[in-house]
Amino acid sequence: MLFRIVMLLSALLLANPLQATMEFQRIEGETSTEFIYQRPPLPTLSFMLNNQQMRGQHSSKKKYSAELAELHVRHQLLLNSVKLQQRGVKIRLSPNNLPLTVTVSGGDLHQVAAIRDKLAATQQQAYQSYLQRDYLYLLTTNLGESYVIPDHVRVMREHLALLQPVAASFISLYGRNNIRKISAQIAQWLQQIPYQDLSDRRESAGAGYLTPVQMLMANQGDCDSKAVVFAAVLRNIFPKLGIAIIYFNDHAVIAAQIPALDDELTVQLNNMSYLLLDPTGPAAMPLGKLNPPYDVQLQSRQFSYRLF
C-alpha cells in the first residue's frame with residue numbers, strides 16, 4: 001500500500017524569485033519511502049530511502065536537563081564511592097537538595113588524594129556518558145563559555161549511509177566534477193525546505209533540533225538540522241572534503257574547503273581556508289555570503305566550530 005503526501009511550499013526566495021515555490025511529495029511504500037521535490041525551472045530531485053534504515057536511526061529529541069544530568073552523575077558517584085570506601089576514609093556527597101559536591105577526608109593524605117582523583121574522574125566520565133546517551137555535546141566557546149548542544153557531528157556520521165541516495169540523486173543531475181555547482185544546488189534545495197526557528201542555542205539546549213530523518217519526513221528544519229543534512233550529502237559526494245559547522249549564538253552555518261571567489265567569505269580553521277555557506281533559507285543565499293550580523297561576527301571570530 002502506498003501513501004502519498006503532497007505539500008506546496010511558498011517560501012519567498014528573495015535572491016531568486018523565479019524559484020519561489022517547490023512542490024514536495026513523499027510516497028511511503030512497504031520497504032522504502034520516495035521523496036520528490038519539483039522545483040521549476042530546476043530539474044526534479046528525487047530519491048528513495050530505506051524504511052528500516054530510517055527507523056533504525058537515532059530520533060530522540062530530548063532536551064538537555066541539568067537536573068537529570070546531576071542525578072545520573074550522583075548515582076554513578078554513589079556506586080563508585082562504595083567500591084572506594086576504605087578504613088580510615090570518609091566519603092560524603094552533598095544532600096540531594098544542594099548542588100553536588102564530594103568530600104573525602106582521612107588521616108592518610110596520599111590515600112585521600114588518590115580517592116578524590118578517582119571520584120573526580122568518575123564524575124567527569126558519568127557526565128560525558130549522560131551526554132553521549134542522549135546525543136548531546138558540551139561545546140566550549142573561544143570565550144570559555146560552555147553550553148550543551150545536539151551532537152551534530154555524531155548524528156551526521158551515523159546518517160551517512162542512509163543519505164547516500166540523496167547524494168546519488170545530486171550526482172545524477174549535476175555530476176561531481178564541479179564542487180561549487182553541486183554545493184550550491186544542495187544548499188538551494190535545503191533553503192527551499194520550510195524553516196523552523198531555533199532560539200539562542202545557549203538557552204535552547206537542543207530543543208527544536210531535528211535529525212536528518214526527522215527533518216526530511218517533516219519537511220522542515222532549523223539551521224542546525226539543515227547544516228547536518230548538507231554536510232552528510234556533501235561528504236557522501238566528496239569523502240575527503242573538509243567540512244565544519246560554525247556556531248553563532250543563535251545560528252549555525254557550514255564551512256567547507258571549497259574554492260572561493262575573491263568577494264566570498266572564507267575563514268581559517270586549523271590553518272586551512274574554508275568557504276562559508278548558509279543552507280538555512282528561506283531566502284536563497286549564494287556561496288560565500290552570510291546575512292548580518294553573522295558576516296561581521298565571522299570576521300571578528302565571534303563563533304565556535306566543530307569539524308565533521
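Guide: Axes are lines fitted to C-alpha atoms, for helices over the stretch in contact, and angles run from 0 to 180 degrees between N-to-C directions. The model is predicted: local features need pLDDT of at least 70, side-chain atom pairs pLDDT 80 or more, while totals for chains, interfaces and linings use all residues. Residues are numbered from 1 along each chain as its sequence is written, and side-chain values use heavy atoms, without hydrogens and water.

Visitor: At what angle do helix H6 and helix H9 pack?

Guide: Two packed helices are described by the angle between their axes and the distance between the axes. Here H6 (residues 179–192) and H9 (residues 223–237) pack at about 150 degrees, with axes 10 Å apart; helices are DSSP runs of H or I, at least four residues, and strands runs of E, at least two, numbered from the N terminus. H6 and H9 are therefore roughly antiparallel (angles over 145 degrees).

Visitor: Which residues in H6 meet H9?

Guide: Among them are Ile182, Ile186 and Trp189 in H6, which meet residues of H9 including Val229 and Phe230 (contact: heavy atoms within 4.5 Å).

Visitor: How many salt bridges does the structure hold?

Guide: Side chains of opposite charge can pair when their charged atoms come close. The structure holds seven salt bridges (a side-chain nitrogen of Lys or Arg within 4 Å of a carboxyl oxygen of Asp or Glu). One of them joins Arg306 and Asp151, with the closest N and O atoms 2.9 Å apart. Arg306 lies in strand S13 and Asp151 in the loop between strand S8 and helix H4, so the pair ties together parts 155 residues apart in sequence.

Visitor: Are Arg306 and Asp151 buried or exposed?

Guide: Both Arg306 and Asp151 are buried (under 20% relative accessible area, with exposed over 50% and partly exposed in between; 1.4 Å probe, protein chains only).

How values were computed. Parallel < 35°, antiparallel > 145°, perpendicular 65-115°, else oblique.
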